[in-house]
Amino acid sequence: MDSKLFNFPQFSSRKIEIPGTLHDIRVGMREVALQNGEKIVLYDTTGPYTREGYVPDIERGLPRLKEAWHRPGEEFHTQMWYARQGIVTPEMEYVAIRESCGDPGSGITPETVRQDVAAGRAVIPCNRNHPEAEPMIIGSRYLVKINANIGNSKLGSGLDEEVEKALWSVRWGADTVMDLSTGSNIHAIREAILRNTPTPIGTVPMYQALEKAGGRVEKLTWEMYRDTLIEQAEQGVDYFTIHAGILRRHIPLALDRTTGIVSRGGSIMAKWMSINDCESFLYTHFEEICEIMKRYDIAFSLGDGLRPGSLADANDAAQFGELETLGELTRTAWKHDVQVIIEGPGHVPMNRIRENMERQVEQCHGAPFYTLGPLVCDIGAGYDHVTAAIGGAIIGALGTAMLCYVTTKEHLALPNRDDVREGVVTFKIAAHAADIAKGHPAAMARDKAMSRARYEFRWADQFNLSLDPERAARMHHEMITDGADHCAMCGPDFCAMKITRSIDGDPKK
């Protein structure tokens with residue numbers, strides 16, 4: 001494990017804690033001290049990891065933050081159940097403080113959160129067996145979140161590498177992490193990630209179930225899958241991607257596509273249905289799955305097994321047929337007080353993105369949308385973090401609640417540490433752009449502070465307010481020393497802001 005993973009000695013930021021008023025909670029935020037004496041409070045995903053020189057202890061794990069929030073022996077219910085009973089939980093107050101960045105005038109209150117969770121418009125993924133995770137909320141009213149996918153394969157990567165990738169994702173701002181491991185030692189890798197990660201963790205249980213079947217789809221059974229669900233639930237996984245919406249009638253539509261079925265989980269279930277000549281056990285046993293999820297307060301991420309893998313397949317009958325089924329399953333999950341988010345595309349041209357958002361809201365009853373991009377063209381190999389971030393910013397502005405990051409190696413290879421950093425920061429930009437477009441109350445404060453720092457040539461503040469301070473500082477210092485009243489692009493005589501500040505009557509010069 002890299003000892004510099006969470007080392008911030010050169011930047012003027014510190015972890016602060018904002019106390020709750022309804023519950024005995026303290027919400028971790030990051031405070032940036034600016035050179036002009038101002039301070040700005042930022043949403044922070046890193047848990048306790050921003051202390052200078054902090055080195056993760058994989059064996060010991062993180063403090064069990066949420067363990068003291070509920071009385072021993074207290075009857076357990078889901079966040080949706082509490083919300084529907086009119087009860088504001090510690091988790092609801094925690095996320096309200098995080099979302100408002102401590103500003104009581106933001107309009108985001110614990111009661112607002114309770115109402116949205118009760119209506120299914122927002123989700124707080126928080127398995128009772130993952131007390132190390134700080135509560136966060138996914139919903140269109142709130143900051144657009146991003147998820148980082150990690151996970152090993154039979155081609156490589158072990159426990160230490162995957163934990164480091166998880167923590168590295170969190171270091172750069174990932175709000176959730178999905179462990180998509182398909183190789184060896186899956187249980188141990190997931191256990192280490194859960195015990196050391198301060199964000200919610202998601203999985204696709206089908207991958208481990210298939211491993212138990214020796215990689216042979218024909219050997220898969222409902223019992224094998226159910227046992228895998230319970231195993232992962234007991235460990236503390238906060239949300240499961242479950243491809244229960246792909247039905248037998250959808251398969252012929254998908255096989256007629258340019259790129260067929262590009263979802264792992266979707267292709268596995270399609271083949272299983274073809275072999276067994278019956279409906280998916282994920283669909284026929286869905287109510288039993290709901291009962292398992294309810295016991296732990298695990299959220300559904302209802303998977304888009306028929307997401308388009310090319311622009312030619314976007315918004316087709318297969319994709320929207322599955323979406324209709326996901327709407328049916330959403331109502332079933334809500335009947336059990338189980339929280340739901342809906343997964344979405346995929347590859348979609350820009351002019352067809354709005355239709356995806358509108359159909360999802362209508363057919364899935366306002367449940368939060370979680371999309372992979374969408375990627376707006378098919379030819380960006382090596383740069384698909386860009387093609388996906390363009391689509392992510394657009395669909396985020398339209399109301400999508402969480403974006404799944406895409407790295408430079410999408411379609412090509414497993415991402416390494418540098419690819420993870422690039423993907424996370426790129427998608428933080430897309431999410432933040434969407435927040436500004438939505439008019440989120442806390443979204444503009446950071447940008448306004450950055451603009452003032454630029455005009456006043458406060459370079460250290462510009463670094464500290466950026467999403468990647470280390471990269472910004474390195475690039476600047478390649479040509480300019482600290483304290484310069486111009487940038488390398490313009491030079492000392494042609495800097496527009498410097499010239500403007502020299503004009504008589506400028507109140508800021």
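Q: Why does Glu-67 count as partly exposed?
A: In this predicted model, the relative accessibility of Glu-67 is 48%. Buried means under 20% and exposed means over 50%. The value of 48% lies in between, so Glu-67 is partly exposed.

Q: What makes the meeting of Arg-64 and Glu-67 a salt bridge?
A: The N to O distance between their side chains is 2.5 Å. The cut-off is 4 Å, between a side-chain nitrogen of Lys or Arg and a carboxyl oxygen of Asp or Glu. The pair therefore qualifies as a salt bridge.

Q: Is Arg-64 buried or partly exposed, and how do you know?
A: Arg-64 has a relative accessible area of 43%, so it is partly exposed.

Q: How do you know that Arg-195 is buried?
A: Its relative accessibility is 15%. Buried means under 20%, so Arg-195 counts as buried. Glu-191, at 29%, is partly exposed.

Q: What links Arg-195 to Glu-191?
A: A salt bridge does, with the closest N and O atoms 3.1 Å apart. That value is within the 4 Å limit.

Q: Why are Arg-195 and Glu-191 separated by about one helical turn?
A: Both are in helix 5 (residues 186-196), and they are four residues apart there.

Q: Which residues are linked with Arg-195 in a network of salt bridges?
A: Arg-64, Glu-67, Glu-132 and Glu-191 are linked with Arg-195 in that network. The structure holds 37 salt bridges.

Q: What makes Arg-26 and Glu-17 a salt bridge?
A: Their closest N and O atoms are 3.1 Å apart, and the limit is 4 Å. Arg-26 has 45% relative accessibility and counts as partly exposed. Glu-17 has a relative accessible area of 48% and is partly exposed.

Q: Why is Lys-294 called partly exposed?
A: Its relative accessible area is 33%. Under 20% would be buried, and over 50% would be exposed.

Q: Where is Lys-294, and which residues does it touch?
A: Lys-294 is found in helix 11 (residues 286-296). Not counting residues up to four places away in sequence, it touches Phe-76, Thr-78, His-336 and Val-338. Touching here means heavy atoms within 4.5 Å. Lys-294 and Leu-247 are 47 residues apart in sequence and 24 Å apart in space, C-alpha to C-alpha.

Q: What makes strand 6 and strand 13 a pair?
A: Strand 6 (residues 145-150) and strand 13 (residues 402-404) share three bridges in the parallel sense. Pairing needs at least two, so the strands pair. Lys-145 has Met-402 in strand 13 as its bridge partner.

Q: Which strands make up the closed barrel?
A: The eight strands run 6-7-8-9-10-11-12-13, with parallel pairing. Neighbouring strands of this sheet are turned by 25° against each other on average, direction ignored.

Q: Which helix lies across strand 6 and strand 7?
A: Helix 4 (residues 159-171) does, running at about 165° to strand 6. Strand 7 spans 176-179.

Q: Which residues have the most contacts inside the largest nonpolar core?
A: Tyr-225, Ile-242 and Phe-300 do, in a core of 119 residues. Another core, of nine residues, lies apart from it and includes Ile-16, Ile-25, Val-27 and Trp-69.

Q: What is Ile-242 in contact with, leaving aside its neighbours within four places in sequence?
A: Ile-242 is in contact with Tyr-225, Leu-229, Leu-282, Ile-289, Met-293, Phe-300, Ser-301, Leu-302 and Gly-303.

Methods: Residues numbered from 1 in each chain as written. Predicted model: local features only at pLDDT ≥ 70, side-chain atom pairs only at ≥ 80, totals over all residues. Heavy atoms only, no water. Core = buried A, V, L, I, M, F, W, Y, C linked by side-chain atoms within 4.5 Å. Buried < 20%, exposed > 50% of the residue type's maximum accessible area, 1.4 Å probe, protein only. Helix = DSSP H or I, 4+ residues; strand = E, 2+ residues; numbered from the N terminus. Axes fitted to C-alpha atoms, helices over the stretch in contact; angles between N-to-C directions.
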